[in-house]
Amino acid sequence: MLIKPAPDVRSSEITSKTLYFDRRAFIRAAAGTAAAAAAGVFGSERLLEAEQPAPHRRKLENVRKSPLSTDEKPNTWEQITTYNNYYEFGADKDQPSRFAGALKTDPWTVAVDGECAKKAVYHLEDILNGQTLEDRIYRHRCVEAWSMVIPWVGFPLADFIRQCEPTSKAKFVEFTTLYDPKQMPGVRYPVLDWPYVEGLRMDEALHPLAILAVGLYGEVIPNQDGAPIRLVVPWKYGFKSIKSIVKIRFIEKQPLNTWQKQTPNEYGFYSNVNPTVDHPRWSQASERRIGEFLKRKTIMFNGYGDQVASLYAGMDLKKNY
C-alpha cells in the first residue's frame, strides 16, 4: 500500500479491474511465448481466466459485533477475495484467487513452542474451543499503493497467548506460515526465503486490536485470504498479518521476519503504517482504496494511533521502521 512513482504503478492499481483483466487477457493471448513460459509455473490454460471471487463457505455462528470496528464502509466480498497478496500462490494479485482453492485446511494444526508452559500441537478446533468470535471491521493497508476495509471474524490473539502460558523470558512471538510445495505453487521458486515468518513484540501481540482471524463477512475465511487461521494487526502494513499459521513460537530475542530478511533497507521489523517514513523507492504519504479512483492521505498507525501510539512512546519511528 505504498505509493509508487508513476512508472512503477501497475495497471491494476490505476485502472478498473474489469478493464485491466480484459486488457491483460488480450495481451496474454497475443504474447504466446510469454504465456508458454508462465505455463510451467501455474498452467497456461488458466492464464486467460478472469479472477473469480471465493465461493461462499459455512456461516460462523454466534458472532458478536466488536466495539473496536471502524465505521468505514467495507470493501465487497469480490474485491477482498480476488485482489490478494499471498506469494505462496503467486506474486500477482489475481493468482491467489485462482490457485489457493485446492489448499487443504481441514484438519489443521498449529504447533506452539518456545518459552511457554503449554507447548503442544493444537488442532484448530481446540484453539477455537471456548473462544468468542467477534466481527471486526478493520482498515487494512498493504505495502503497495492500495488499501481495503475488511470485516474479519476472529478473536483476540491475547486470549490464545494466555492459554499457552508464556514465561517471563518470552519477549516476542514468532509466527510461521505453511510451507507445502505440493499445494502452494509459489514456494517452488525462490521469490522469498520460505517458509514465511513474521513476529511481534509481546506487548503488541497482547494488544486487543491484534486478532487471530478465522472468518470473513461472517463466513469461514477463504483460502486466498489466509485460511484457516491468520493474524490481523491493523495498525501495521499488511505483510505483518501472516496467513495460514502452522507454528507459534515464544522467544526471547527479536525474530527476523521474511521481508526484513529479504530487503532490510526497505522493510523493518515494526512496519507500523507511518506516512512520514518513505520507502526507499516511493512515498508512503498516500494510498488508493480498492474500488475508489482518488488517492487519500495515509494516516499514522493506519488510523489507530489513539489505541496503539503508547506502545512506541520514546521510540524513534524513523529508525525503528
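How many helices and strands make up the secondary structure of the protein chain? Here are my notes, point by point.

1. Overall picture. Keep in mind that this is a predicted model. The secondary structure of the protein chain comes to 10 helices and 13 strands. The chain has 321 residues, and 55% of them count as buried. If you take the contacts between residues at least 6 apart in sequence, 73% of them join residues at least 24 apart.

2. The core. The largest nonpolar core holds 79 residues, and the members that touch the most others are Trp-235 and Phe-250. Leaving out residues up to four places away in sequence, its contacts include Glu-204, His-207, Leu-209 and Ala-210 on one stretch of numbering, and Phe-301, Asn-302, Tyr-304, Val-308, Leu-311 and Tyr-312 on another. Asn-272 and Val-273 touch Trp-235 too.

3. Aromatic pairs. The count comes to 12 aromatic pairs. One of them is Tyr-122 with Phe-160, an edge-to-face pair at 5.5 Å centre to centre with 80° between the planes. Tyr-122 belongs to strand S3 (residues 120–123) and Phe-160 to helix H7 (residues 157–164), so the pair links distant parts of the chain, 38 residues apart. Both Tyr-122 and Phe-160 are buried.

4. Phe-172 and Phe-269 have ring centres 5.8 Å apart and planes at 80°, which is why the pair is edge-to-face: the angle is over 60 degrees. Phe-172 is in strand S6 (residues 172–177), while Phe-269 is in the loop between helix H9 (258–262) and strand S12 (286–287), so this pair ties together parts that are 97 residues apart in sequence. Phe-172 counts as buried because its relative accessibility is 11%, under the 20% cut-off. Phe-269 is buried as well, at 3%.

5. Charges over rings. Have a look at Arg-139, whose charged end sits over the ring of Tyr-304, 5.2 Å from its centre. Lys-243 does likewise with Tyr-86: the charged end sits over the ring, 5.5 Å from its centre.

6. Phe-160 and the cavity. Which residues line the largest cavity? They are Val-110, Ile-127, Phe-160, Leu-212, Ile-229, Ile-245 and Ile-248. A search of the whole structure finds 1 cavity of 30 Å³ or more, and the largest cavity has about 30 Å³ of space. Phe-160, in helix H7, counts as buried because its relative accessibility is 1%, and the cut-off is 20%. Beyond four places in sequence, Phe-160 touches Val-112, Tyr-122, Ile-127, Gln-131, Phe-155, Leu-212 and Ile-248. Phe-160 and Leu-212 are 52 residues apart along the chain, with their C-alpha atoms separated by 8.7 Å.

7. The largest pocket. About 610 Å³ of space lies in the largest pocket. Of the 37 residues that line it, Asn-85, Tyr-87, Glu-144, Phe-239 and Trp-259 are the closest to its centre. Strand S5 (residues 147–156) gives the most to the lining, with 3 residues.

8. Two cis peptide bonds. The bond from Trp-194 to Pro-195 is cis, with omega near -5°, and Pro-195 is in the loop between S6 and strand S7 (197–201). Another cis peptide bond joins Ala-227 and Pro-228, with omega about -5°. Pro-228 is in the loop between strand S9 (219–220) and strand S10 (230–232).

9. Thr-105 is in the loop between helix H5 (95–99) and strand S2 (109–114), and is buried with a relative accessible area of 13%. Thr-105 touches both Ala-227 and Pro-228, along with Arg-57 and Asn-223, not counting residues up to four places away in sequence. Thr-105 and Pro-228 are 123 residues apart in sequence but 5.9 Å apart in space, C-alpha to C-alpha.

10. Is Tyr-217 buried or partly exposed? At 33% relative accessibility, Tyr-217 counts as partly exposed. Tyr-217 lies in the loop between strand S8 (211–216) and S9, and has a positive phi of about 50° although it is not a glycine. Ser-271 has a positive phi of about 55°, again without being a glycine. Ser-271 lies in the loop between H9 and S12 and counts as buried, at 4% relative accessibility.

Note on methods: Residues are numbered from 1 along each chain as its sequence is written. This is a predicted model: local features need pLDDT of at least 70, side-chain atom pairs count only at pLDDT 80 or more; totals for chains, interfaces and linings use all residues. Side-chain values use heavy atoms; hydrogens and water are left out. A nonpolar core is a set of buried Ala, Val, Leu, Ile, Met, Phe, Trp, Tyr and Cys residues joined through side-chain atoms within 4.5 Å. Buried means under 20% relative accessible area, exposed over 50%, partly exposed in between (1.4 Å probe, protein chains only). Contact means heavy atoms within 4.5 Å. Rings of Phe, Tyr and Trp (its six-membered ring) pair if their centres lie within 6.5 Å; planes under 30 degrees apart count as stacked, over 60 as edge-to-face and the rest as tilted. Helices (H or I, at least four residues) and strands (E, at least two) are DSSP runs, numbered from the N terminus. A charge sits over a ring if NZ of Lys or CZ of Arg is within 6 Å of the ring centre and within 35 degrees of the ring normal. On a 1 Å grid over the protein atoms alone, a cavity is a set of points where a 1.4 Å probe fits but cannot get out, and a pocket is an open set with protein on both sides within 12 Å along at least five of seven lines; lining residues have an atom within 4 Å of a point. Grid points are joined across faces, edges and corners, and a volume is the space filled by probe spheres set on the points.
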